[in-house]
Amino acid sequence: MKILVINGPNINMLGLREPEIYGSKSYADLLAFIQSAAAEIGVEAECFQSNSEGAIVDAIQAAHGKFDGIVINPAAYTHTSIAVPDAMKAVAIPAVEVHISDVAAREPYRRVSYTREACVKTIAGDGFEGYKTAMRVLANKEW
C-alpha cells in the first residue's frame with residue numbers, strides 16, 4: 001500500500017512553533033517518525049508539505065491513480081478551505097485527517113473542519129503517533 005502524507009501550513013515550523021502545543025520535535029523528526037512507522041506497518045509513505053492551498057490541491061489531484069490512501073494534516077486549511085476537501089472528494093482516495101494537537105480543546109474556530117467530511121476518520125491530539133494510527137487505519141481499512 002502506498003500512502004501520501006500531506007502536511008499543511010506551518011507544520012514545517014514544528015519545534016519552533018508554539019512548543020507548548022506542538023512539542024519540541026522538528027519537522028525533520030516528524031518525517032523520520034513517519035518513515036519508521038510506515039516500515040513497521042508495512043506500507044510505503046511519501047511525504048509532502050506546503051504552506052500553499054493550491055499546492056496541496058495539486059498534490060491531492062496528482063495522487064489519483066498513484067496512491068492507495070492519504071493521511072492529511074491540513075493545519076489551518078482544516079478550518080478555512082473548501083478547495084482541499086473538494087479535491088479529496090474528486091480523487092476518492094480513502095483519507096484520514098490528522099492533527100497533532102487536540103483541536104477540540106482549543107479555540108472555537110479550530111473545532112470546525114471542512115476536511116473531515118472527505119475523510120474516513122479523524123485523529124487529533126495524539127502528537128506524532130496520530131500519523132502512525134492513521135496509516136494503520138488505511139492499511140487495515142478500519143472504517
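Biologist: Why does Ser50 count as buried?

Modeller: Its relative accessibility is 10%. Buried means under 20% relative accessible area, exposed over 50%, and partly exposed in between, with a 1.4 Å probe and protein chains only. Ser50 therefore counts as buried.

Biologist: What are the ground rules here?

Modeller: This is a predicted model, where local features need pLDDT of at least 70, side-chain atom pairs count only at pLDDT 80 or more, and totals for chains, interfaces and linings use all residues. Residues are numbered from 1 along each chain as its sequence is written, and side-chain values use heavy atoms, with hydrogens and water left out.

Biologist: Where does Ser50 lie, and which residues does Ser50 touch?

Modeller: Ser50 sits in the loop between strand 2 (44-49) and helix 3 (53-62). Helices (H or I, at least four residues) and strands (E, at least two) are DSSP runs, numbered from the N terminus. Setting aside residues up to four places away in sequence, Ser50 touches Asn7, Gly8, Pro9, Ala55 and Ile56. Contact means heavy atoms within 4.5 Å.

Biologist: What lies 2.9 Å from a polar atom of the side chain of Ser50?

Modeller: The backbone nitrogen of Ser52.

Biologist: What makes Ile100 buried?

Modeller: Ile100 has a relative accessible area of 7%. The limit is under 20%, so Ile100 is buried. Ile100 lies in the loop between strand 4 (95-99) and strand 5. Its contacts beyond four places in sequence include Leu14, Tyr22, Asn73, Phe128 and Tyr131. Ile100 and Gly23 are 77 residues apart in sequence, yet their C-alpha atoms are 9.2 Å apart in space.

Biologist: Why is Tyr27 called buried?

Modeller: Tyr27 has a relative accessible area of 14%, so it falls under the 20% limit and is buried. Tyr27 belongs to helix 2. Beyond its neighbours within four places, Tyr27 contacts Asn7, Ile11, Asn12, Leu14, Phe48 and Gln49.

Biologist: What joins strand 3 to strand 4?

Modeller: Three bridges, with the two strands running parallel. With at least two needed, strand 3 and strand 4 therefore pair as well. Val71 has Val96 as its bridge partner, and Ile70 stands opposite Ala95.

Biologist: Why is strand 3 called largely enclosed?

Modeller: Five of its five residues are buried, so the rest of the structure largely encloses strand 3. Gly69, Val71 and Asn73 lie on one side, Ile70 and Ile72 on the other. Strand 4 is mostly covered too, with five of its five residues buried. Ala95, Glu97 and His99 point one way from strand 4, and Val96 and Val98 the other way.

Biologist: At what angle do helix 2 (residues 27-41) and helix 5 (residues 129-140) pack?

Modeller: At about 30°, with their axes 9 Å apart. By class, their contact has nine nonpolar, no polar and four charged residues.

Biologist: What is the phi of Glu18, and why is Glu18 called partly exposed?

Modeller: Its phi is positive, about 35°, although Glu18 is not a glycine. Most residues other than glycine have a negative phi. At 32% relative accessibility Glu18 falls between the 20% and 50% limits, so it counts as partly exposed. Its place is the loop between strand 1 and helix 1 (19-22).

Biologist: What makes Lys141 exposed?

Modeller: Lys141 has 59% relative accessibility; the limit is over 50%, so Lys141 counts as exposed. Lys141 lies in the segment after helix 5. Its phi is also positive, near 50°.

Notes:
Polar contact = N/O pair within 3.5 Å; in protein donor to acceptor, adjacent residues only side chain to side chain. Axes fitted to C-alpha atoms, helices over the stretch in contact; angles between N-to-C directions. Nonpolar A, V, L, I, M, F, W, Y, C, P; charged D, E, K, R; others polar.
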